[in-house]
Amino acid sequence: MRGLAKDLARLVGPEGFSTQPEDLLVYRHDAIAYFAQGDPAAVVLPTGTTQAAKVMAYASQHGIPLTPRGAGSGLSGGCTPVRGGIVLDTKRMKGILEINRGNLTARVEAGVVLADFQQAVEGQGFFYPPDPQSKSVCTLGGNVATRAGGPRAVKYGTTVNYVLGLEAVLPDGEVIRTGSACVKHSAGYDLTHLLTGSEGTLALITQATLRLLPKPPATCTALAVCPTMDMAARIVSETIAGGVVPSMLELLTTASLAVFNRFVSPPLPEEGEACLLMEFDGTAQEALRQAQEMADACRDMGAIDVRVVPQTDEAAVYWMVRSRLYPLVVSRFKRVVTEDVTVPRDRIPEFATKVMGIAQEMGLAMGLTGHAGDGNMHPTIRMDEVSDELQARADQAMAKVIKAGLALGGVISGEHGVGLHKAQFLELELGREQVALMRRIKKAFDPTGIMNPGKIWPPELET
Amino acid sequence: MQGLEQYREALERCSQCGYCQASCPVFSQELLESYTARGRTLLIKAALMDGALPVGKRTKEIVANCLLCGTCAHTCPGGLPLDEIFVAARNQLRPSGPAASLKRSLHRKLMEQRGHPGALGKLGPLAKTMGLAPADLPQPAAHPFLADQPEVLKPSGQMRARVAWFVGCAANSLHLDTAQAVRKVLLANGVEVVLPQELACCGLPALAQGEVDMAQDLARRNLAALAAQEVDAVVTECTSCVLMLRDKMTRLFEPESPEAQAAQALAPKVMEVGAFLHKLGLSQAPQGRDISYTLHQPCHAAGFAAQVQAGLALLEQVPGADYRPMADPAACCGAGGDFFLKNQALSQGVRQSKMDQIERSRAEVVVTPCPACRHYLGLALGPDKVKHPLALLAGAYE
């Protein structure tokens, strides 16, 4: 790629890119070290759609692979430039362009950080529920591109439920606007929701029109420590069956209790196999009543310790700890392999039993946490050492976990996306015909195949 | 300290989560990921530890382009000692040659003299005129504060407590009004003050340059001087001195070494002077002051923000003084010690966001216990508009 730096300087100015290896190191990565498998030739940081379109057209003309990037906080290798080329970093496109009170919508640029956006809308009395746990850094563009979600999905769904329209740049540099700011829209193919979750393989998402909700007046948090994983899983499915919908319902392992105890008092008993962390919302009275009813139900079922935390600042501590658990666990082991399998909620007890059985059979340390309320589980294999043999065993175990999830009517990814991590499993879930159709769609958007190559399906299916 | 190698295990524990993007003031300006802790640690490991990349100009720039505010270390879910790793990287990248050693020995001299350049101070304005020193470099006072202080200051009334006062370099040679205010408030409230003559700079500026040996020498001297004192507390008006004496110094030496043990013993006695006074309680009620103020919380206080808040609670006892909080008191001002002298555009960008917040608070003055923040915000707001919190309290004892 001779002359790349000179060309990029012409397109985005000298401050808008870097080709220096010292800057590029970090752009090999997302939030999982072993997905860093390719060296980009440049990172480009456009300040808006016009610059981005120029870069896309240039990459198309020269057949340069182009990998869109938000915060690089993903867990599937979705934004790692495995074929080199250009990393297109969207973080300088960070304008909240409009918060429309009368229409309950907002229009944002792709690089807006989720937490900043939530703060801005909540300041005006609105609510944007999707809450991937990397919310302090992750970008709305990245959220849309992966259909990201988090604990609130149990009641409020994930990013996909909030995207009304998009602005996107096609690989040849053409700009399209899909969807609208209307709540109802029934004209043509729904390209908005085709691009949502396309993981940068079809086009570059530059703006999004998002739906807002009124902010619930109050929340109440509750926590239950359970003697067995099975009991925790049964509480989850019986709660859902009973018609109670918490705003968050998280299943955590007992190891998390020690982390909570560094921040909360009185300390929680570090016993049992699992704990449930829940939030209810509504009026203050409603939220408290639901939390108390849930607490009573947990006690009746045999929970070791149950607490209700109505004070929002105290509750915030529990949820802060929750959002940091994953990186904290990772920092304690040599390697952690995380899954993102989602099953129908009534199958969670069976799935939990299966996962624990696989861990035992394969002789691996496995934890099972997740957004149990929406069936999205994160089995994690924790390794104290890294070896080819161990990694092969972990891969085998994860394949078994995925197959177990699929057999229960589940899906291979609830919120992380496919990326590199689950490319070899896509056909397993969707079937050969559906993936073939997806590949034809990809060809229609991206005939030269520059967009995020090496992702979603295995290399042998790339054409 | 054995250099970067001692941090290998910590570096290998980095989960790569990228949460450090949320807090880095340098990254928030540039939005280039090589300026996040994740980017810096990957580079440090590749270039300075594993030899996977040659060490060039860009590596040096990226390592230097950090305020060492330590916010990333507080944000890191894995609790990695990121700021210590960056100091060790600077240590490895220290320049050599005659010019660098001259600069190093001048720096050492300045720190040994507690921030006062002595006769060399006269060269400052000349060097600025000739373009040899940055125009924003503060000019020291002709006579340092400590030059005419006795070793023990007796309080006006009955003695309620006895403290050793670690006068920071800035209060000694730049911001004498801060030192005078601290003296006045302590003495008015029955505190006997010891000023140990053997003290030197706390050594934090040396660490910022990666001069670990120099920081250790200064720490040894300070530990010896303070160990001899029979006092209720060691107080200082400077946030960075608190950070060094309470926190950094405990990890500056080999674990279990006599110095490390001495530092561990000293650390819990060190308090920000406002927090100490808040705990002791004021024995003399301040008079009313018609003034509105906002607080800028220095980045170096991230690990002991409660002490800054306690200092602020003191000001709430001044009748008529109106506290107008800004949106994010802990957001960086851009100074970063002397970082602003070398990275003007970056620092000015960071400062501008702070200025917007200050303006929206509609306070007349900004109070901050950090002299670097004070100096740098003062360059933009005017020197009278930024004060040490105790200066505001001292004004209520006229």
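Trainee: What share of the 398 residues in chain B is buried?
Mentor: Buried residues make up 49% of chain B. Keep in mind that this is a predicted model.

Trainee: Why is L82(B) called buried?
Mentor: The cut-off is 20 or more other C-beta atoms within 10 Å. L82(B) has 28 other C-beta atoms within 10 Å, so it counts as buried.

Trainee: Where does L82(B) sit, and what does L82(B) touch?
Mentor: L82(B) lies in helix α6 of chain B, residues 82–92. Leaving out residues up to four places away in sequence, L82(B) touches A37(B), C72(B), A73(B) and C76(B). Touching here requires C-beta atoms within 7 Å.

Trainee: How far apart are L82(B) and M214(B)?
Mentor: In sequence, 132 residues separate L82(B) and M214(B). In space, their C-alpha atoms are 21 Å apart.

Trainee: What are the spans of chain B, and what secondary structure does chain B hold?
Mentor: The C-alpha trace of chain B spans about 65 × 50 × 45 Å along its principal axes. Chain B has 20 helices and 9 strands.

Trainee: Which percentage of contacts in chain B joins residues at least 24 apart?
Mentor: It is 77%, counted among contacts between residues at least 6 apart in sequence.

Trainee: Which domains does the assignment give for chain A?
Mentor: Domain 1 covers 4–89, domain 2 covers 96–214, domain 3 covers 218–331 and domain 4 covers 423–451.

Trainee: How do you know what domain 1 of chain A brings to its contact with domain 2 of chain A?
Mentor: Count the residues. The contact takes 15 from domain 1 of chain A and 19 from domain 2 of chain A. On the domain 1 side, α3 (49–62) and β3 (66–69) of chain A give two or more residues. The largest share, 7 residues, comes from α3(A). That side divides into 7 nonpolar, 7 polar and 1 charged.

Notes:
Residues numbered from 1 in each chain as written. Chains lettered and ligands numbered in written order. Predicted model: local features only at pLDDT ≥ 70, side-chain atom pairs only at ≥ 80, totals over all residues. Domains from an automatic or database assignment. Contact = placed C-beta atoms within 7 Å. Helix = DSSP H or I, 4+ residues; strand = E, 2+ residues; numbered from the N terminus. Nonpolar A, V, L, I, M, F, W, Y, C, P; charged D, E, K, R; others polar. Buried ≥ 20, exposed ≤ 12 C-beta atoms within 10 Å, placed from the backbone.
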